[in-house]
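User: Please show me how to read the main features of this structure, beginning with the general idea each time.

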Amino acid sequence: MENILIYLTRKHQFFWDEIYKAISNHEPVVKEEVKKLSALDTNKTTLISDFYPTYLMKAFKPPFVLFHLGNYDLISNKMIGIVGKIDETKIKVLKFLASNQYVMNFKLSSMEDNDLELLQKNKIPCIIFCDDIMMVKQGSQYQKYLKEDNFLFLSETYMNSKNTSFLEYYINRIFVGHDLPIIIFDKSINDDLGLITYLNITKHKVYLYEQQHTKPEYDKHIGAVRINNFNDLKVVFINKN
């Protein structure tokens, strides 16, 4: 059954609605093609697997298949989304969250060139959501991170060069999940309207740290908590735990 899910996912080029329709209509499959998927050269977890992440079970349109590289055990920890610039000044915050058993979630498309190296240098446990898992598997710049325990690369597409327009839409969905908090560093929350959409859908609270440009009405609209310094951050997360 898992291979059938993977087959339909790839056949319909990772469009969630089309995959759902195929499953609902009991669309016929080519058995020979389904059998070949056992040898697919990447790790994968399906919606019906015992190892499917619980935080996605109630997510908006939960992905049918997750393709991943790195330490998949990280997916079972507490997670928090990170948006905005990551530099040495933010490492103190990330280390504090890691010490409270949080794993940081990032979108690869929003990261700068040296972000992964900075995270590795400081041993920050993190999950990186990417457009296509094969981009990571075949990218020489990622290989050293795949050998480390504190990295997991995650995607719901595999060798999907034909369709790219919907990828950011989908990544926002799995990045937000259903009940994960998010911290936004040094960035106006109005800069990422796609993310706002999913925050509204899932009713998240966003924790704003050293946020200078966010308008108060945006905070109120999505139920955000404004945090202006590190001590305030500690109080919020100690109380949360």
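The dialogue below takes up the sheet, the helices and the cysteines in turn.

Analyst: This is a predicted model, in which local features need pLDDT of at least 70 and side-chain atom pairs count only at pLDDT 80 or more, while totals for chains, interfaces and linings use all residues. Residues are numbered from 1 along each chain as its sequence is written, and side-chain values use heavy atoms, with hydrogens and water left out.

User: In what order do the strands of the open sheet lie?

Analyst: In general, strands of a sheet pair through backbone hydrogen bonds, either parallel or antiparallel. Helices (H or I, at least four residues) and strands (E, at least two) are DSSP runs, numbered from the N terminus, and two strands count as paired if DSSP finds at least two bridges between them. Here 9 strands form an open sheet with mixed pairing, in the order β1-β2-β6-β5-β4-β3-β7-β8-β9. β1 (43–46) and β9 (225–227) are at the edges with a single partner strand each, so one side of each has no neighbour in the sheet.

User: How many bridges join β7 to β8?

Analyst: Strands β7 (residues 182–185) and β8 (residues 206–209) run parallel and are joined by 4 bridges. Within this pair, isoleucine 182 is opposite valine 206 of β8.

User: Which residues of α1 are buried?

Analyst: Buried means under 20% relative accessible area, exposed over 50% and partly exposed in between (1.4 Å probe, protein chains only). In α1, Leu5, Ile6, Tyr7, Leu8 and Thr9 are buried, and the buried residues of this helix pack against α2 (16–24), α3 (31–36), β1 and β2.

User: How many disulfides are found in the whole structure?

Analyst: A disulfide is a pair of cysteine sulfur atoms within 2.5 Å. The search of the whole structure finds 0 disulfides. Cysteine 126 is buried at a relative accessible area of 0%, and cysteine 130 also counts as buried, at 3%.

Key: Contact means heavy atoms within 4.5 Å.
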